[in-house]
Protein chains: 2
Amino acid sequence: MIAPPLTDFSRLCVHTITTKPWSIEQAASHYSAAGVRGVTVWRQWLEGRNIAAVRRLLADNGLTVVSLCRGGFFPSVDAAARQTAIDDNLRAIDEAAELGAPLLVLVCGADPRQPLVVSRQQIADGIRAVVDHARASGVKLGIEPLHPMYADTRSAINTLRQANDMCDALSDPQLGVVVDVYHLWWDPELMDQILRCGRARRLLAFHVSDWRTPTEDLLNDRGLMGEGCIPLRQIRGWVEEQGFDGFIEVEIFSNRYWATDQQDFLEKIKRAYLEHV
Amino acid sequence: MIAPPLTDFSRLCVHTITTKPWSIEQAASHYSAAGVRGVTVWRQWLEGRNIAAVRRLLADNGLTVVSLCRGGFFPSVDAAARQTAIDDNLRAIDEAAELGAPLLVLVCGADPRQPLVVSRQQIADGIRAVVDHARASGVKLGIEPLHPMYADTRSAINTLRQANDMCDALSDPQLGVVVDVYHLWWDPELMDQILRCGRARRLLAFHVSDWRTPTEDLLNDRGLMGEGCIPLRQIRGWVEEQGFDGFIEVEIFSNRYWATDQQDFLEKIKRAYLEHV
């Protein structure tokens, strides 16, 4: 089923990195003024800040904290680095709890110096090492499969099937998955794996942007919704058929948009949200 | 099984695009002098040439023509463009036959203006429209699944599973697949799908290069073997366990190497071939 158009902004969430030039204060007031209702905070926006104060700032601006980005990056050929990553994920869980974020998004990591199967094992080990702390803190962990073009350094989990398989293997209700259309749109199994995700009640978050033609930068050339070839309403239809009614998160890394006026960009996001998501 | 190192150049094939600055005459004489035994010719190198003369030139230099690159690009929202593509593939088959190439490599195509499922159907239709001519011409057709980062415009076939599925669906012995490590290395199903490929006797060609970290250009930043994270001997082991003993084709698109002395680059390829493939 193709989802019907969205008619208001009650489910619109923006990632702080989408409007990278803005501080957390600027993001809070501009998002709020624009009628955005949710925010996903990237950890850089918390650096050197009092997290309880940020939490109040966001609440005072009527913003719901949807998730904290990002934990993960578990694999390394170096055992000490793997322990450092685990420690950092424990801190990220603390930050999420303090911020009132119900979810920590995991960009699982990969180390090009070792086989992907080894990185995948280290991801499973890393998650096992932190999941009890997540449960005790009331924070869910969401595995975000990343596009295969990031398999060298960012994630050895590159399809929704793999994320589902890992959730099955770890079998912990504190663990779920994050569906990001940018990473997954090309996958012929996407519908089936979203179904599987839904049946297992583990679909925790939904990220949108678009795939530009041509894409000129592997990291920072994501498109605004409607600028590319991702079938957004089709994928949202699959996600919502599984009962997902949470926030729809706009996560755009774009050198091109970061160089423009961010208030204008935010208005473009709102128009694109109604017209294309 | 990890393949044992190669000890000579009897199976080394180079794609003319790997040494892009060289004309077909330069490629023929330099490859030959370097002890390269196979060549895959890209169609641009035939433009405006007498193909029978090119065939003699390559034979006189002791070079076996491994394949012609590339046909495909079947999908389009425009029906006239689809017919143009079919006509062009029929010409490519003629060129392959005239050149003495036993294989035409298919980069299947995609059109970002339509859903991937539609592009996939048009690929199947396109192959059906040309496969009898390929059989009559003694030319095999090889579906080359391309990395998912090319799903917008270059190929709607992005995994070896999809290529195998399409071969099963079309069920024509004239059709097979091309395994290129650059496109497929990240896939957790790669070993299983190479097995499936082998059992069906449809593994027609094997392309090597490497995935650089960081990759700075989506198209033209492939690495020399050994410069990246692709487990070349592992994948070659899987391919050879299936009985594949054909040429090992070096296909590197690299702005960085094209800007260097090509004879020096060819020597680097030979060293990398023995050390890393």
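User: What makes helix H5 of chain A stand out against strands S5 and S6?

Analyst: Helix H5 (residues 160-170) of chain A lies across strand S5 (140-143) and strand S6 (175-180) of chain A. The model is a predicted one. H5 runs at about 175° to S6(A).

User: Where in chain B does helix H5 lie?

Analyst: Helix H5 (residues 160-170) of chain B lies across strand S5 (140-143) and strand S6 (175-180) of chain B. Its angle to S6(B) is about 175°.

User: What makes the strands of chain A a barrel, and what is the pairing?

Analyst: Eight strands of chain A form a closed barrel, in the order S1-S2-S3-S4-S5-S6-S7-S8. The pairing is parallel. From one strand to the next, the twist averages 30°.

User: How do you know that strand S7 of chain A pairs with strand S8?

Analyst: Pairing needs at least two bridges. Strand S7 (residues 203-208) and strand S8 (residues 248-250) of chain A have three bridges, so they pair. Their sense is parallel. Within this pair, A:Val208 stands opposite A:Val250 in S8(A).

User: What joins strand S2 of chain A to S3(A)?

Analyst: Five bridges join strand S2 (residues 38-42) of chain A to S3(A). At least two are needed, so these strands count as paired. They run parallel. A:Trp42 stands opposite A:Cys69 in S3(A).

User: Why is strand S3 of chain A called largely enclosed?

Analyst: A residue counts as buried if 20 or more other C-beta atoms lie within 10 Å of its own. Eight of the nine residues of S3 (residues 64-72) of chain A are buried, so the rest of the structure largely encloses this strand.

User: Why is H1(A) called roughly parallel to H2(A)?

Analyst: Two packed helices are described by the angle and the distance between their axes. The axes of helix H1 (residues 24-34) and helix H2 (residues 51-60) of chain A cross at roughly 20° and come within 9 Å. The cut-off is under 35 degrees, so H1(A) is roughly parallel to H2(A). The crossing is right-handed. H1(A) makes the contact with A:Ile24, A:Glu25 and A:Ala28, and H2(A) with A:Val54, A:Leu57 and A:Leu58. Five of the contact residues are nonpolar, none is polar and one is charged.

User: What is the order of the strands in the barrel of chain B?

Analyst: The eight strands close in the order S1-S2-S3-S4-S5-S6-S7-S8 (chain B), with parallel pairing. The twist averages 30° from strand to strand. Strand S2 (residues 38-42) of chain B is joined to S3(B) by five bridges, and the two run parallel. There, B:Gly38 stands opposite B:Thr64 in S3(B).

User: Which peptide bond makes B:Arg70 worth a look?

Analyst: The bond from B:Cys69 to B:Arg70 is cis, with omega near 0°. B:Arg70 is found in strand S3 (residues 64-72) of chain B. The bond from B:Thr213 to B:Pro214 is also cis, with omega near -5°. B:Pro214 sits in the loop between strand S7 (203-208) and helix H8 (232-241) of chain B.

User: Why is A:Ser171 called exposed?

Analyst: A:Ser171 has 9, so it is exposed. It lies in the loop between H5 and S6 of chain A. Its phi is positive, about 45°, although A:Ser171 is not a glycine.

User: What makes A:Arg201 count as exposed?

Analyst: A:Arg201 has 11 C-beta neighbours inside 10 Å, so it counts as exposed. It lies in the loop between helix H7 (190-199) and S7 of chain A. Phi of A:Arg201 is near 55°, a positive value in a residue other than glycine.

User: Why is A:Arg256 called partly exposed?

Analyst: A:Arg256 has 16 C-beta neighbours inside 10 Å, so it is partly exposed. It belongs to helix H9 (residues 255-258) of chain A. A:Asn220 is 36 residues away in sequence, and 8.3 Å away in space, C-alpha to C-alpha.

User: How many residues of chain A are in contact with chain B?

Analyst: 19 residues of chain A are in contact with 19 residues of chain B. On the chain A side, twelve are nonpolar, six polar and one charged.

Conventions. Residues numbered from 1 in each chain as written. Chains lettered and ligands numbered in written order. Predicted model: local features only at pLDDT ≥ 70, side-chain atom pairs only at ≥ 80, totals over all residues. Helix = DSSP H or I, 4+ residues; strand = E, 2+ residues; numbered from the N terminus. Axes fitted to C-alpha atoms, helices over the stretch in contact; angles between N-to-C directions. Contact = placed C-beta atoms within 7 Å. Parallel < 35°, antiparallel > 145°, perpendicular 65-115°, else oblique. Left-handed = near helix turned anticlockwise from the far one by under 90°. Nonpolar A, V, L, I, M, F, W, Y, C, P; charged D, E, K, R; others polar. Buried ≥ 20, exposed ≤ 12 C-beta atoms within 10 Å, placed from the backbone.
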